[in-house]
Amino acid sequence: MKNAKLKIAVLAIATGLFVGCNNDSESVNDTINPDQAVDNTSDVIEGQYIVVLKDGNLSEPAARGTKEAYETSMKALNKEVATNFKGIITNKEDIKATFGYALQGFVANLSKEQYEALSKDPRVDFIENDHLISLSPAKETVEENTELASRDFFPWGIDRVGGPANPINRSAWIIDTGIDLDHPDLRVNTGRSRTFVTSGADASSANDRNGHGTHVAGTVGALRNNFGVIGVAPGADLIALKVLAGNGTGQFSWTVQALDYVAANGRSGDVVNMSLGPRSRFTDSATDNAVRRVASRGIRVVLAAGNSNDDSRFYSPARVNATNVYTISNMDINERIARTSNFGSPVDYAAPGTSIWSTWIGGGYQNISGTSMAAPHVTGLLLSGGVRSGGLVRSDKDSNRDRIAVRR
């Protein structure tokens, strides 16, 4: 292993993701925040919008199956959007991104007049503000844990959901801060991984410079290799889709693009892990609709319920209820719902999310908490046999006690 000392982050709660930050997309910079996320808010990106079109108003993208094919399709769609809406958007540089598989539409900088013109355009389904989001810092302590170095360490959550089991021939799409592409305890599919961050060092690679996405990936699929931790589906094919930079900042439109990429390249039976969502009550229809479209293709989507001690109905994408979509709350080792975990009717299962050991950047390991840590347990189950109820949680916050996720 690369680190002689393995780190433990002692956190009150670690992520559902996102906290508000600067409203200038160019503020995504190279500064690494070594502290882990706690919880999240979001800020409007002034003048930047996600424009979702009614189906049939863009050409069906022809190229799919590889990262390069997807990028070719998006370039073609970008030209088509510029042509089709040239009467409204006069500067093609204002079109920041396009999508065409999960949803049809684009991201653009718009004036008030352009926004009003597009709102009246019969080709447009809806327009919403894009939002900047970021991880929030938390204090960290460091200590040695030599037990992790000596054998396949079984975190308590892995045991509770049924132990490790070999993955079926499916892929896990981790929409997050990226994954440590060189971690010796992970099998990352670098050829299919992609970053959606558009500036700074994170624009060139899906490599994780924060830690959160690597932690999620380890719970899903850390290897059975006689050192470090072991995942629910050890050796799973892990694909990193980076929508948050190393300093924790990102945009909701990047998440929509990541889901579009999955819709283009995923297969029925694959699983998407989305351990992210806003802290304050906030809903994003584009993200929610993209989740539903991906799920309609037979690709399962696992969502963190969030860490605001609130009803998950008021948060995107946790609120999405649809076939093949699973919203996950956080329980502790005593099978109690965590104090900070969201709850409510969208929740499908509770899973271990408190004091979870998993992989970290730099080849290391960390112990953190949150619904972000609960969700990948279910992702691993779906990759290795399926999920069923293994009892009911204690101390739930609503009238319906959440089912505890275990392997089918």
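**Aromatic contacts in the predicted model**

Phe 252 is buried, its relative accessible area being 0%. In this predicted model, the residue has an aromatic partner: Phe 252 and Phe 282 form a tilted pair, with 5.5 Å from centre to centre and 40° between the planes. Phe 252 belongs to helix α6, whereas Phe 282 lies in the loop between β9 (271-274) and α7 (285-296), so the contact ties together parts that are 30 residues apart in sequence. Phe 282 also counts as buried, at 14% relative accessibility, because the limit for that class is under 20%.

The structure holds seven aromatic pairs. Among them is the edge-to-face pair of Tyr 70 and Tyr 261, whose centres are 5.1 Å apart and whose planes make an angle of 85°. This pair links distant parts of the chain, 191 residues apart: Tyr 70 is in helix α1 (residues 67-84) and Tyr 261 in helix α6 (residues 252-265). Together with Tyr 101, Trp 173 and Phe 196, Tyr 70 and Tyr 261 form one aromatic cluster.

Aromatic rings also take part in contacts with charged groups. The charged end of Arg 281 sits over the ring of Phe 314, 3.7 Å from the ring centre. Another such arrangement involves Arg 403, which lies over the face of Tyr 349 at 4.2 Å from the centre of the ring.

Technical notes
Residues numbered from 1 in each chain as written. Predicted model: local features only at pLDDT ≥ 70, side-chain atom pairs only at ≥ 80, totals over all residues. Heavy atoms only, no water. Phe/Tyr/Trp six-rings, centres within 6.5 Å; stacked < 30°, edge-to-face > 60°. Helix = DSSP H or I, 4+ residues; strand = E, 2+ residues; numbered from the N terminus. Buried < 20%, exposed > 50% of the residue type's maximum accessible area, 1.4 Å probe, protein only. Lys NZ or Arg CZ within 6 Å of the ring centre and 35° of its normal.
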